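Please read it beside the sequence and the coordinates.

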Amino acid sequence: MTTKHFRNGGIAVDRSDPAIVTENKTGRATAPRIVGLRHVGMVAENPAALARFYEDVLGLQMVGGSGEENPFGATAFLSGDPAEESHQIAIFTNPALRHIAFKVGTLADLRAAYTRIIDMGLPIKMAFNHGVSLAFYFEDPEGNLVEVYWATGMAFDQPYGDPLDLALPEEALRQEVEQLVRQASEQTPQSLPFASAS
């Protein structure tokens, strides 16, 4: 791996895997393609009660949730179009899970974003295989939690999260998703073991 420094303070890193970081004509790493802001993580004392509010007022559908016994705590997940987005609002009792989520178009874009964040010196707070998505989380300079995710196209009950190593090759990451889906078809997602990110 070689590093090139520019007069304006920019740094470009030459990597052997072009799927991780692409470069533009200036030699600088290009930003991953963000499809858009796709969901928010909110906090409530009673996620199910707040979910009912959004169902009644905005017509959103409850598409998932859990009780306090879940490692993520009590949660509720809602979507206005479950066929298009697995969820658009995630409600937690744990304030540490409040976040905004940006969707990328490809797994290569997710890995590029991950590498870019690490190269900028920002710590990755957690990374999960959620079944419906592969995602990582970091904080912006003001301490807001930011999620970047790639939708796998697989249906999977939420909340769910297996620790994820986004430094693995793309094929290995795809195999992890496929294995999880096979496992889920053999048992209910709620009975799958949860592994903590720590």
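## Helix 1

On the face of helix 1 turned away from its buried side lie D56 and V57, both exposed, where exposed means over 50% relative accessible area, buried under 20% and partly exposed in between, with a 1.4 Å probe and protein chains only. The model is predicted, so local features need pLDDT of at least 70 and side-chain atom pairs count only at pLDDT 80 or more, whereas totals for chains, interfaces and linings use all residues. Residues are numbered from 1 along each chain as its sequence is written, and side-chain values use heavy atoms, with hydrogens and water left out.

The buried residues of helix 1 are P47, A51 and Y54. They cover an arc of only 60° around the axis, which puts them on the same side of helix 1; the arc is that of the directions from the helix axis to the C-beta atoms. Their cover includes strand 3 (34-43), strand 4 (61-66), strand 5 (75-79) and strand 6, with contact meaning heavy atoms within 4.5 Å. Helices (H or I, at least four residues) and strands (E, at least two) are DSSP runs, numbered from the N terminus.

## Helix 3

Helix 3 (residues 170-186) has 17 residues and reaches 25 Å from its first C-alpha to its last, close to the 24 Å expected at 1.5 Å a residue, the expected span being 1.5 Å times one less than the number of residues. Within helix 3, L173, V177, L180 and A184 are buried. Viewed down the axis, the buried residues of helix 3 fall within an arc of 60°, so they line one face of the helix.

These buried residues pack against helix 2 (107-119), strand 8, strand 9 and strand 11 (162-163), while the face turned away from the buried side of helix 3 carries the exposed residues S185 and E186.

## Overall fold

The protein chain has three helices and 11 strands, which run from the N terminus as β-β-β-α-β-β-β-β-α-β-β-β-β-α. Of its 198 residues, 40% count as buried. Among contacts between residues at least 6 apart in sequence, 55% join residues at least 24 apart.
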